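Colleague: I would like to go through this model with you, one part at a time. Please keep the terms plain.

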Amino acid sequence: MPQSVTTDDLIRRRDRAFGAGARLFYDRPLHLVRGEGAYVFDVDGRRYVDMYNNVPCVGHAHPRVVEAMARQQATLNTHNRYLHEGAIALAERLTALQGVTECVVFSCSGTEAVENALRMARIATGARGIVCTDATYHGSNAWVGGLTRVGEAGPVDRDARAIAFPQTLRPITPGLTGEALTDAYLDRLDDAIDDLKASGSGFAAFIVCSILANEGLPDIPPGFMPRATQRVHAAGGLMIADEVQAGYGRTGQWWGYDAVGFRPDIVVTGKPMGAGLPLGATAASRAVVEGFRAETRYFNTFASSPLQAAVGMAVLDVIEQEGLVANVARVGAALKGALLNRRGRWDAIIDLRGVGLFLGIELVDATGEPDAALAFAIVCGLRDKGFLVSNAGIFNNVVKIRPPLVFSMADADAFLAAWDGVVAERRG
Ligand SMILES: Cc1ncc(COP(=O)(O)O)c(C=O)c1O
């Protein structure tokens, strides 16, 4: 049976089973059946270089992770009302790696870990007000989903305020650069905090993805993050670093907050932690976490389990033993350098940014307007050549490159050849 028939049938079955409206990537959806390392394979056996997925951070189907998962499940898996060393050891290891936290609350998704962070901040400060950025995404449940993407979602939590996300490409006040631009964004933060205080909500926390991943990975005006942290503390609030995308070596350093130079009070981690097994964490000082535990009696059946712990430890083992953070720094810098060399050769690239193995290539049309159609065409063209990327950013015009941490220099070279081919086809 020709593959196209099989794919169409599966799409129809999917719509019937899931209800129509569950999004698929690409103009022609990809039917994947297997993954290994930085590669995934479709139903016809075609290999694609995965340059999108941050969850299988140590590579798809890493044998060490698979073995840990199988061994633990075959030995013991219970909820966390029993003593078990696994999750304790994982918490100890995580806080040691973070360097800014003492205790951990495990959970089963980034959304849940963010929600726990917000609750921790409210309990610690006795205030309700939360500041976030206006084009972010921190999760999908009613509260977190309603809190974020404020500009897009319309009415939200009355205790939330969204500020313009800091960026140099399209500055909030045209013409401003450097410190003056940083000051302009910091003023927005102050205004939001003042507004929350005046409204009676008070100010509990500023939550921010350390590298503004969902905002499109903009270059952040100099010193914004450390200075924002000072302002937040001066106003009596806590700084929450959402490291769901930025953490676990993605930037070529362990944590995004190290890459952009601030020390958060609460650190949220998720996606790569379990390499596919649902695992999230919210870490903070002992006082903040114990205040949360006392007030909420938080429990999740599947969190802090021996299975989560075994897999979480295996992921950390692989990252350390295979030197993946250094790999990210090395390959990421080389890839960015090679792409920067190409920037001047194609007017459509207005910006190229990012750090480590998380890069964004922003595309515009001949009039300089954001070109989402071009970004999508590039994404689909690369897929046809066997490379999986995506498009992102507030205008959907940023080609987003975010491979598993095992992505190699050879993969980068192959991608650059494919990129050149797709660009040549677009330019005719
Ligand atoms: C920065 C950030 N925080 C939190 C989340 C939510 O994570 P999850 O989908 O595991 O709930 C996401 C998901 O994309 C994210 O990008």
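Colleague: What should I know before reading the values?

Modeller: This is a predicted model, in which local features need pLDDT of at least 70, side-chain atom pairs count only at pLDDT 80 or more, and totals for chains, interfaces and linings use all residues. Residues are numbered from 1 along each chain as its sequence is written, and side-chain values use heavy atoms, with hydrogens and water left out.

Colleague: Which residues of strand S9 point the other way from Ile266 and Val268?

Modeller: Strands (E, at least two residues) and helices (H or I, at least four) are DSSP runs, numbered from the N terminus. In a regular strand the side chains alternate between the two faces of the sheet. In S9, residues 266-269, all four are buried, where buried means under 20% relative accessible area, exposed over 50% and partly exposed in between (1.4 Å probe, protein chains only). Ile266 and Val268 point one way, and the other way point Val267 and Thr269.

Colleague: Which strand runs antiparallel to S9?

Modeller: Two strands pair if DSSP finds at least two bridges between them. S8 (residues 238-242) runs parallel to S9 with 3 bridges, and isoleucine 240 of S8 stands opposite isoleucine 266. On valine 268, the residue opposite is threonine 282. Joined to S9 by 3 bridges, the antiparallel strand is S10 (residues 280-284).

Colleague: Which side chain makes a polar contact with the side chain of aspartate 42?

Modeller: Aspartate 42 lies in strand S2 (residues 39-42). Aspartate 42 is buried and has no salt bridge, with arginine 46, the nearest side chain of opposite charge, 5.9 Å away; here Lys and Arg count as positive and Asp and Glu as negative, while His and the chain ends are not counted. A polar contact is a pair of N or O atoms within 3.5 Å; within protein, one must be able to donate a hydrogen and the other to accept it, and residues adjacent in sequence count only if both atoms are side-chain atoms. The backbone nitrogen of arginine 46 lies 2.9 Å from a polar atom of the aspartate 42 side chain, and the side-chain partner, at 3.2 Å, is tyrosine 48.

Colleague: How far is a polar side-chain atom of threonine 111 from an oxygen atom of the ligand?

Modeller: The residues around the ligand (a heavy atom within 4 Å) include Ser109, Tyr137, Asp242 and Lys271. A backbone N or O atom of glycine 110 lies 2.8 Å from a ligand oxygen, and a side-chain N or O atom of glutamine 245 is also 2.8 Å from one. For threonine 111, the distance is 2.5 Å.

Colleague: Which residue forms a salt bridge with aspartate 9?

Modeller: A salt bridge is a side-chain nitrogen of Lys or Arg within 4 Å of a carboxyl oxygen of Asp or Glu, and the structure holds 21 of them. At 32% relative accessibility, aspartate 9 is partly exposed. With the closest N and O atoms 2.9 Å apart, the partner is arginine 12.

Colleague: How many residues apart in sequence are the parts tied together by arginine 161 and aspartate 195?

Modeller: The closest N and O atoms of this salt bridge are 2.6 Å apart. Arginine 161 is buried at 18%, whereas aspartate 195 is partly exposed at 38%. Arginine 161 lies in strand S6 (residues 160-163) and aspartate 195 in helix H7 (residues 178-199), so the separation of the tied parts is 34 residues.
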